[in-house]
Amino acid sequence: MAYQDIDKRRTWYRQRRQKCKNEGICIQCRKNKSVGDRTKCRPCLDKQSKNGKLRRQRCKQIGQCLVCKQESIYKNHCSQCYLRKKARESGFNMDRAIRKLELQDYRCYYSGLKIDHTNASPDHTIPKSKDGHDSIENLRWVHWNINQMKRSLDEKVFMDLCKKVYRNGLADT
Ligand SMILES: [Zn+2]
Ligand SMILES: [Zn+2]
C-alpha cells in the first residue's frame, strides 16, 4: 500500500473514532453505547480484556515480549519494552525517554555506572513532590541504587550529601 493511502486510511479511522466518541457510541462495534468515559461498550470491553489475558498468557508460555513479541528477557518483556514501561510508569514520554537514555550512553547520570533494563531507573531531577514535571528535561536515567539514595532529594542536596560522604570516607583511610 502506498504511503498516501495509509495516511488516508489513518485519517479516516481517526475521524470515525472521534465521531463515535462524540456520539457516545462504542468505537469497536459502533452499535452499543460506550461505558462511562471509556470508548467501548461493556461486551466489547469484556472481549478485549479476555483476548488480552489470553495473549499475555500465550506470550509468557512461549517467552515472547508482551508488547512487541520479540524474545522476552526480563519480566515478560524485551529490554527496550521494559525500559519504555518503566519510563511510562514514571510519567514520561516513552520514545523521548529512550532517546534520553541513548544520549546518556546507557550510563547513570550521577555515578556513570553502566545501566540496562535490570537496573536503570528514571528519576525526576526536580522531584514530583516539589512540583517537578514529567517533561523530558526533568528526566535523568540513574542506577537503581542511586535512585534509592536520592529518593525525593533535590539534585543539589543530594550532590552535597554525596560529597560529604566521600570526604568523610577519605578522612578515615
Ligand atoms: Zn461495542
Ligand atoms: Zn518488546
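**Close-up views of a predicted model**

**View 1. Arg-151 sits in the loop between helix 5 (144–150) and helix 6 (155–172).** The model shown in this and the following views is predicted. Arg-151 is not a glycine, yet its phi is positive, near 45°. Most residues other than glycine have a negative phi. Arg-151 counts as exposed, because it has 10 C-beta neighbours inside 10 Å and the cut-off for exposed is 12 or fewer.

**View 2. Asp-105 belongs to the loop between helix 4 (94–103) and strand 1 (120–124).** Its phi is near 60°, a positive value in a residue other than glycine. Asp-105 has 9 C-beta neighbours inside 10 Å and therefore counts as exposed.

**View 3. Helix 1 covers residues 3–23.** At 1.5 Å a residue, its 21 residues should span 30 Å, and the end C-alpha atoms are 30 Å apart, so the two values agree. The number of buried residues among the 21 is zero, which means that helix 1 lies largely in the open. Gly-24 follows helix 1 and has a positive phi, near 70°.

**View 4. Leu-66 is located in the loop between helix 2 (42–62) and helix 3 (79–89).** With 19 other C-beta atoms within 10 Å, Leu-66 is partly exposed; a residue is buried at 20 or more. Leaving aside neighbours within four places in sequence, the contacts of Leu-66 are Arg-56, Cys-59, Asn-76 and His-77. Of these, Asn-76 is 10 residues from Leu-66 in sequence, and the C-alpha atoms of the pair are 6.1 Å apart in space.

Note on methods: Residues are numbered from 1 along each chain as its sequence is written. Chains are lettered from A and ligands numbered from 1 in the order in which they are written. This is a predicted model: local features need pLDDT of at least 70, side-chain atom pairs count only at pLDDT 80 or more; totals for chains, interfaces and linings use all residues. Helices (H or I, at least four residues) and strands (E, at least two) are DSSP runs, numbered from the N terminus. The expected span of a helix is 1.5 Å times one less than its number of residues. Two residues are in contact if their C-beta atoms, placed from the backbone, lie within 7 Å.
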